[in-house]
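Have the structure open and follow along.

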Amino acid sequence: MINYVYQLVSPQFFSVKLDDVDIDGKVVVRPRYMSICHADQRYYQGNRDIKILSQKLPMALIHECSGEVLEDRSGRFKPGQPVVMIPNMPKRHSNYIYENYDEQSIFLSSTADGFMREFVDMPVDRVIPCDGIPMDIACICEFYSVAVHAVNRLINFAHQQRETIAIWGDGSLAYVIASALKVKNPESKIIVIGRNSRKLSRFSFVNKTYLSYSLPSDLQFDHAFECAGGEGSYDAINNIINYIKPQGTVVLMGVSENQVAINTRLLLEKGLTVVGSSRSGKKDFEEAVDLMRTQRIRRRLGSIIFEDKPVSSIDDIHRVFTTDLNTPFKTVFNWRL
Amino acid sequence: MIYGAILAGGSGTRMHVSTLPKQFMALKDKPIIIHTLEKMLMCNRFDAVYLGIHPGWMSYMYDLLDKYNLDSERIKLAPGGENRNDTIFNVIEEIKKDFGQQDDDIIVTHDAVRPFVTLRIIEENIDAAITYGACDTVIPATDTIVISHDGVDISEIPNRQYMYQGQTPQSFNIKMLKDLYSKLKPSDKSILTDACKICVMENVPVKLITGEVLNMKITTVNDYEIAQVIAGGIAID
């Protein structure tokens, strides 16, 4: 079947590729809602190394998406059923390596076309029903599953003293980490450290928030998530190393285009465990969908969503990427192309 | 109920390259009409999709449906007529036989030889036909349109700002379309090649739906070659 694929050809320039898709054995999904990730924005703005851009583009963006099943010849899904799609496509199974860290895995909107298409042909096992979750919230399921995965990483690595857990960052990633931590580890006190008091005020459900430039000298925590990324990575990581208790676990999540110098002397002295966490796999998605069935969690996630006007043309795609630059949290939109 | 109607009543006289009607020629590895049908079927809002087929090619079409495993109960065949409107009204007759007739029935009519239609265009057609009763898919004209009444001299150059190129789908409330058509004189019926014109002649508003430049009509050999390139296939003469 002929499919329209809306590819980014070069920064801020889209082109339509027509693709004749064999849908045998696939679930055909019509994307309905999409959400913009920082990674998409970096491609769109051209804020990636020119060599990487030339290797990856042309490519359709967006890996956060909810949709409606159009056809599934396997019979597992009904036409019209609301679903979320897993952008991670593993090529093999391993008992030791998660699918999102396997170098052979394909990630849609990084190593293959993302969801900006007329329809998406998905392997049956990469589609998860999300009945009961509104499409505009369900589209950030991938983003929430990344938080679920990171919290699971912490739970797996960190020692049992988990009285206080710090989240360094005040953006949307920090918010979903705090949200996932709150439900998965309710006995821990959550503190959030950020630069912007207005953004911090959104974290109404955590125990305490601090501005990073006025931290109390006796601040301490057992474990921490770094959710700053970019230019903020240096300060965030080194501050965590300064304030964390010995033998704490630090989960790094923020992406930085540049290498970051960190205080290894203190890191070694304290015997810290540093864990990288990126993306998510099917189990995390399933857990995220289950959690999102709870109204309170949906409401919490809904408060960081800004819904832009629907996208019915390539001009509209430019508009939502521009909107996203000016909104503090997640930009979502109804996909009608 | 909502019905799709793929209009394929023609017998391919403008293509000149083949005795095969153009809707049956291969685009990549499938006949054009199969691509069009697949896209229409993908829209779950259609209760049925009718193929208005030239009577001489009906059995050929049945064979194609078998060949491409298109066995959905939503696919129905209707005999094509002498012209485009005859085919539409033949389909409407078949709908009446198969499903009866309700006042809010909608028909989305689409050229078989426009395989690059999108789900957006189809969905917007359905919504507009439900809300307004009639709609037409168009794209803004990029070339200046020149009118000549004698084919020798320019009679008029209309302002391009108001010019659009008509595509399909064209969609209608079936009852309204039938009522309007029944009011026409036989002489008017014979000159009407476009179903939207039936509404326009009776001062019924027809809403515009934005089409796609790629939603081209494959009519000539050149169109066919361009379509092959767009679809990423190789043209076969």
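Which residue in β2(A) is the bridge partner of Y6(A)? It's V16(A). Bear in mind that this is a predicted model, with an ipTM of 0.84 and a pTM of 0.89.

That bridge belongs to the pairing of strand β1 (residues 2-10) of chain A with β2(A), which runs antiparallel over eight bridges.

On to the domains. Chain A is assigned a domain 1 (2-140 + 309-327) and a domain 2 (145-276), and their C-alpha centres are 29 Å apart.

What lies between them? The largest nonpolar core has 156 residues, and V29(A), C141(A), Y144(A), I177(A) and I6(B) have the most contacts inside it. Helix α4 (residues 141-157) of chain A supplies the largest share of this core, nine residues. Both domain 1 and domain 2 of chain A give residues to the core, so it lies between them. Take Y144(A) as an example: apart from its neighbours within four places in sequence, it is in contact with V176(A), A180(A), A288(A), M292(A) and L301(A).

Now for where the chains meet. The contact draws on 17 residues from chain A and 15 residues from chain B. On the chain B side, α1 (32-42) and α4 (119-132) are the elements that give two or more residues, and α1(B) has the largest share, with four residues. Sorted by class, the side of chain B that touches chain A looks like this:

| Class | Residues on the chain B side |
|---|---|
| Nonpolar | seven residues |
| Polar | four residues |

Is α1(B) largely enclosed or largely open? Nine of its 11 residues are buried, so α1(B) is largely enclosed by the rest of the structure. The buried residues are I32(B), I33(B), I34(B), H35(B), T36(B), L37(B), K39(B), M40(B) and M42(B).

Finally, a word on confidence in chain B. Its mean pLDDT is 91, with 94% of its residues at 70 or more. Within chain B, strand β6 (residues 106-111) has the highest confidence, at 98, and helix α6 (residues 186-191) the lowest, at a mean of 80.

Key
Residues numbered from 1 in each chain as written. Chains lettered and ligands numbered in written order. Predicted model: local features only at pLDDT ≥ 70, side-chain atom pairs only at ≥ 80, totals over all residues. Contact = placed C-beta atoms within 7 Å. Nonpolar A, V, L, I, M, F, W, Y, C, P; charged D, E, K, R; others polar. Core = buried A, V, L, I, M, F, W, Y, C linked by C-beta atoms within 7 Å. Buried ≥ 20, exposed ≤ 12 C-beta atoms within 10 Å, placed from the backbone. Domains from an automatic or database assignment. pLDDT = per-residue confidence, 0-100. Pairing = 2+ DSSP bridges.
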